[in-house]
Amino acid sequence: MPGEFAGKWRSLGLLMLAEIAGMSLWFMSAAILPDLTREFDIAEFAQAALSSAVQIGFVVGAVTSALLGLADRIDPRRFFAFSAITAAVFNASLLVFEPGGAITIFARFATGALLAGVYPVGMKIAVGWGQKDRGLLVGTLVGALTFGSAAPHLLALLGGADWRWSLSVASIAAAAGGVLCLFVGLGPFHAKAPRMKMGAILTAWTNRKIRYAYAGYLGHMWELYAMWAWIGVALAASFGAQMPEDEAVPLSRLIAFLSIAAGGAACIVAGLAADRVGKANIAILAMAISGTAALASALTFGGPAWLTIVCVLVWGAAILPDSAQFSALVADFAPPDQAGSLMTFQTALGFALTFATVQLTPFGAELIGWPGVFAVMAVGPALGILGMLKLKMQ
C-alpha cells in the first residue's frame, strides 16, 4: 500500500533523527575530556569514571527495563521521549557542577540509565514496522545510533576549546529528539504485552538460538565500546609521534568521528544485504574484517598517519554492522510480545561487559601500549564468529 509505505518510512525517518539526537549524549565526556583536564584538576580515576559511569548506568537502566518489561508494556514513543529529555537535563548539569566530582559522575550514571530508554526502545519501534526486512530496519536504527555516538567528537571539533558549547548543543539536541519521537508512528507488527512478565527474559536461556545470538553480541561488544570510547585518545598518541600536539589532537578528533560514523553508514548497507544473504553471515563477515583491521591498526600505530587512518577507518566501518544483525536475530527468534524485553536484556549484558573494557582500556594502554590493546580487542570478534557458527548449525 503506497500510503502505508510512505507512513512507514516517514516514521522511521523521524525515529532515526530522534535516535541520533538522543545518543549524542553518550561519549560527550570522553570527547571533551582534553578540554576539561586543561581547565580542571580531574583525577585519573574520575576521568575514566566519567565515561564508565554511563556504561554502568545503561546496564542498570536496561536490566530494570527488561525485568519490568517496560518497552513491551507502555507506549515506546513516550518512554523514549521521557528518557531522552531527562537525560539531556542530567547531561547539562555538567555546566553547573565541577566535572570529575561525585555529582557529575552520578549525572553521567543517570544519563546512561536513561539512554536505556532510547536505544533499545528505538529498536522495539523499528522492528514493529516489518518482518522480512528487519535486517535493514535494525541496521538503519543502529546506524542512527552510531552517528549519534560519533556526534560528540564532531561537536568537540567544532567547539574547539569551548567544551561548554559542545555540551550545550548535545543537550539541546537530545531534548529535541525526545519531542520528535512523539510524532513517530507504530508499525503493524508492533506487539504489546498485556501485563508484566518478569520471567520473559528467561527465554534468553531456554531458546538456544537466542543464546547463541547473545554470545555473538558479547564478542562484538568486547571491542566496540572500548574502541569508540578511546580511539580519539589513542590516535592522538599515534599521530603525536609524527606531528605537534596542536595538529595531532584536532586530527585525532576528526578521524575518531569519521571512523565511528563509517560504521553507521556500513550498518545500512549491511542491513540491505542481511535480508538477502542471512543475518548470521553478515555478522561473521563484519567480525572477520573488524578483527583484522584491529590488528592492522596495531601494526601501523605510531607510523605514517595516513596508513593508520586507513586502518582505523576500515575498522570503524566493520566494527558495527554485526550489532544490528544480532538484535534482528533476537527479534526473529523471540515471541513478539517479548522482543523489546529480550533486546533490552541483550544490550544490558553487552554493556555490562563494556563497563570493564572501557574502564580497563587506558590502564591496558599503560601496561602493554595501544598496539597491544588493539590486539586484545581482536579477541572479541574471533569469539563472536564462533557463536554465529554455532547458531548456523542449529
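Biologist: At roughly what angle do the axes of helix α9 and helix α16 cross?

Modeller: In this predicted model, helix α9 covers residues 134-159 and helix α16 covers residues 321-333. Their axes come within 8 Å of each other, and the crossing is right-handed. α9 and α16 are therefore oblique to each other, and the angle at which their axes cross is roughly 135°.

Biologist: Which residues in α16 are met by residues in α9, and how does the contact divide by class?

Modeller: From the side of α9, the residues that take part are Arg 134, Gly 135, Val 138, Gly 139 and Val 142. By class, the contact of α9 with α16 has five nonpolar, five polar and two charged residues. The residues in α16 that they meet are Ser 323, Ala 324, Gln 325, Ser 327, Ala 328, Ala 331 and Asp 332.

Biologist: How far apart are the axes of α16 and α17?

Modeller: α16 also packs against α17, at an angle of about 145°, and passes α17 in a right-handed crossing. In the contact, Phe 326, Ser 327, Val 330 and Ala 331 of α16 meet Leu 342, Met 343 and Gln 346 of α17, a set with five nonpolar, two polar and no charged residues. The distance between the axes of α16 and α17 is 9 Å.

Biologist: Why is α13 described as oblique to α14?

Modeller: The axes of α13 and helix α14, which spans residues 279-300, come within 7 Å. α13 is oblique to α14 because their axes cross at roughly 130°.

Biologist: Which residues in α14 does α13 meet?

Modeller: α13 brings Ala 270, Ala 273, Ala 274, Asp 275 and Val 277 to this contact. Counting both helices, the residues of the contact of α13 with α14 divide into five nonpolar, one polar and two charged.

Biologist: Which element gives the largest share of the lining of the largest pocket?

Modeller: About 600 Å³ of space lies in this pocket, and 25 residues line it, with Leu 33, Pro 34, Gln 47, Trp 230 and Val 233 nearest its centre. Two or more lining residues come from each of α2 (28-31), α3 (33-39), α4 (44-68), α12 (208-240), α13 (245-277) and α17 (339-377). By class, the lining has 15 nonpolar, five polar and five charged residues. The largest share, six residues, is given by α12.

Biologist: What is the volume of the second largest cavity?

Modeller: The count of cavities of 30 Å³ or more comes to two. The volume of the second largest cavity is about 30 Å³.

Biologist: How many charged residues does the lining of the second largest cavity have?

Modeller: By class, the lining of the second largest cavity has eight nonpolar residues and one polar residue. The number of charged residues in that lining is given as no charged residues.

How values were computed
Residues are numbered from 1 along each chain as its sequence is written. This is a predicted model: local features need pLDDT of at least 70, side-chain atom pairs count only at pLDDT 80 or more; totals for chains, interfaces and linings use all residues. Side-chain values use heavy atoms; hydrogens and water are left out. Axes are lines fitted to C-alpha atoms, for helices over the stretch in contact, and angles run from 0 to 180 degrees between N-to-C directions. Helices (H or I, at least four residues) and strands (E, at least two) are DSSP runs, numbered from the N terminus. Angles under 35 degrees count as roughly parallel, over 145 as roughly antiparallel, 65 to 115 as roughly perpendicular and the rest as oblique. A crossing is left-handed if the near helix is turned anticlockwise from the far one by less than a right angle, and right-handed if clockwise. Contact means heavy atoms within 4.5 Å. Ala, Val, Leu, Ile, Met, Phe, Trp, Tyr, Cys and Pro count as nonpolar, Asp, Glu, Lys and Arg as charged, and the others, Gly among them, as polar. On a 1 Å grid over the protein atoms alone, a cavity is a set of points where a 1.4 Å probe fits but cannot get out, and a pocket is an open set with protein on both sides within 12 Å along at least five of seven lines; lining residues have an atom within 4 Å of a point. Grid points are joined across faces, edges and corners, and a volume is the space filled by probe spheres set on the points.
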